[in-house]
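Work through the exercises below with the model at hand. Each task is followed by a solution in steps.

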Amino acid sequence: MPPRKKQCKQQDVSFELVDSLSDDDDESQDFFLVPPSPEKLNKSQVPWLEKYAPQNASEICINPTKLQQVRQLLNNMLKGRLPKKLLVLTGPCGSSKSTTVKLLARELCGGDIFNDSIVEYQESENFSVFLQSCRYKNGSIVLLEDLPNVYHFETLQLFREALRHWINYDGQLPPLVLCLSEFEYETDDQRTGYNLENTMTAETLLGRDLLVSEQVEVIKFNPLAHRFLSKTVKRVLKLESLAIDESFLNDIYKTGDIRSVMFNLEMWSRSRSHLSMIRENSLNIFHALGKIIYSSKEFEGKSSNYNSIAKVIELYPEKNSDLLNLGLLENYHIFQDSKFPLQIGAAICDDLSNADICPFGELGLRSTRINLSRVTQKPMVSKLKMKFPRHFRAMKIRSKTHSQVESYRQYLAPSNSFQTLNLIDGFYLPLIYNKTRGSLLRYNRLGGRLQEVYAGEEVVADDDWPLMDAYDQFQMDIGEARTKRKRKDNIDRSGIANGNVNGNDNYNYNYNDDDDDDDDTLSDEIENSTQSDLDFDDDDIDYLISQGKL
């Protein structure tokens, strides 16, 4: 019978004790030393967002129809059944976008020790390099939650270009999913356009050309409805053995944000008081118009009209009230598909017009809601869709026109006023130039062609405006004049650097002129540059600029 092995005793000690005993040569010790294990968090210390996070797709707080839509699309993208290569999930914060993707990735991909079911982008990584490394991760889902610094113009262009290369790749690619939480920035300035400086949406981030591509699919997530939040909250309260006032729950449900709801529940469980920690959701233009035209569903009775308008005034930025009036003017007719008396529409238009000169901005809002409430509502599916006000489209065209006319005046016609170039020269010059300068050149109207502006169903970002013609000789002339001026400025600076004050050898100070007095002659002559020193060709100038000489 073999002898029994001696059992070593285990003892938890600190790292300091290990260091102090490392020089001890006592071999009689029959125990080995290990560092103590880190303390584990008590279950009561784990945040509820982590503690009660869904473990499978069936536990996600989301509309089951929306969940099935995303599941089916991801499954088809994984199996190559669809040409889609980029899926964009948009919606407010806390609407279960990223949670849906992560749990569906675990369900559809599985994953093993060699391949993860999901690959996530980190903000510190180079985005283009990251996408290149993900090309061959078939069987996984690539998730974009973090974004590079898209507020830097060059970084934004590189971001879009990398996505463009991804969707135009010929081979099989893993599904690329972008989870984008849409929001608007609160600024003190009046809104004059939609761009990343004031709004984070799929349109402002990606641009129109990417969104309309057949390789891109966009799915809109809405704020979570009361019934889905209630189901999740009841499960959590049951596990925590808690009972909360129903009115408090109804208040926190209004945000439609599962993260905000869970945070408020956890804070209530600790303080047992109804704290004011509810996140206020600001209204965008479409939601504000909907609450005015159709009234808010959360209010009932005779005061519903008053309360609906009060809610809009509270949440919608006052500085953009003019835009809201314009939106009502272009959208009030969608109510009941315009099946209401003409007198009601006339009253609404009159009050919206008066709102432009009235110091009280809510006149048009209240008049629209009150007049539409007089219409007998019938259950129906509206065929007319809400349109985004054309105000921004007109402002953008105005800005483009002003920019081109000012450029023409600066480089080609500095003696003419803006009004003259825009109203007279802008019309007659193209007619004259197109007849006298040959058929190879085409001059369009200076400042762009006159065009009609229509309201649209979608918000159009500032960089999605192909307003100028693809080819316009005016633009070519302005660019050529700009290049000549820059070249002349570079030559002038080079002349000054070489001692020629004016940068032009045709104008030199003749200090030895006989007509000059001796007192006017400088004691040390300035060595002037010769004409050959400044006579550069295009290649020489490009080289000097690239070397930082000019």
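Helix axes here are lines fitted to C-alpha atoms over the stretch in contact, and angles run from 0 to 180 degrees between N-to-C directions. The model is a predicted one.

**Exercise 1.** Describe how helix H12 and helix H14 pack, from their axes to their residues.

Solution. 
- Step 1. Find H12 at residues 285-294 and H14 at residues 321-331; their axes come within 10 Å and cross at roughly 60°.
- Step 2. Angles under 35 degrees count as roughly parallel, and 65 to 115 as roughly perpendicular. H12 and H14 are therefore oblique to each other.
- Step 3. The hand of the crossing of H12 and H14 is right-handed.
- Step 4. On the H12 side, the contact is made by Ile285, Ala288, Leu289, Ile292 and Ile293. H14 brings Leu323, Leu324, Gly327, Leu328 and Asn331.
- Step 5. Sorted by class, the contact of H12 with H14 has eight nonpolar residues, two polar and no charged.

**Exercise 2.** Characterise the crossing of helix H9 and helix H10.

Solution. 
- Step 1. H9 covers residues 226-240 and H10 covers residues 246-253; the axes come within 10 Å and cross at roughly 130°.
- Step 2. Only angles over 145 degrees count as roughly antiparallel. H9 is therefore oblique to H10.
- Step 3. The crossing of H9 and H10 is right-handed.
- Step 4. His226, Leu229, Ser230, Val233 and Leu237 of H9 touch Leu249, Asn250 and Tyr253 of H10.
- Step 5. Five nonpolar and three polar residues make up the contact of H9 with H10, with no charged residues.

**Exercise 3.** Which elements and residues line the second largest pocket?

Solution. 
- Step 1. The volume of the second largest pocket is about 650 Å³.
- Step 2. Its lining has 31 residues, and the closest to the centre are Gly94, Ser98, Thr99, Glu145 and Arg259.
- Step 3. Two or more lining residues come from each of helix H2 (48-51), helix H4 (97-109), strand S6 (176-181), H9 and helix H11 (258-271).
- Step 4. H4 gives the largest share, four residues.
- Step 5. By class, the lining of the second largest pocket has 18 nonpolar, seven polar and six charged residues.

Technical notes
Residues numbered from 1 in each chain as written. Predicted model: local features only at pLDDT ≥ 70, side-chain atom pairs only at ≥ 80, totals over all residues. Heavy atoms only, no water. Left-handed = near helix turned anticlockwise from the far one by under 90°. Contact = heavy atoms within 4.5 Å. Nonpolar A, V, L, I, M, F, W, Y, C, P; charged D, E, K, R; others polar. 1 Å grid on protein atoms, 1.4 Å probe; cavity = no way out; pocket = protein on both sides within 12 Å on 5 of 7 lines; lining within 4 Å. Points joined across faces, edges and corners; volume = space filled by probe spheres on them.
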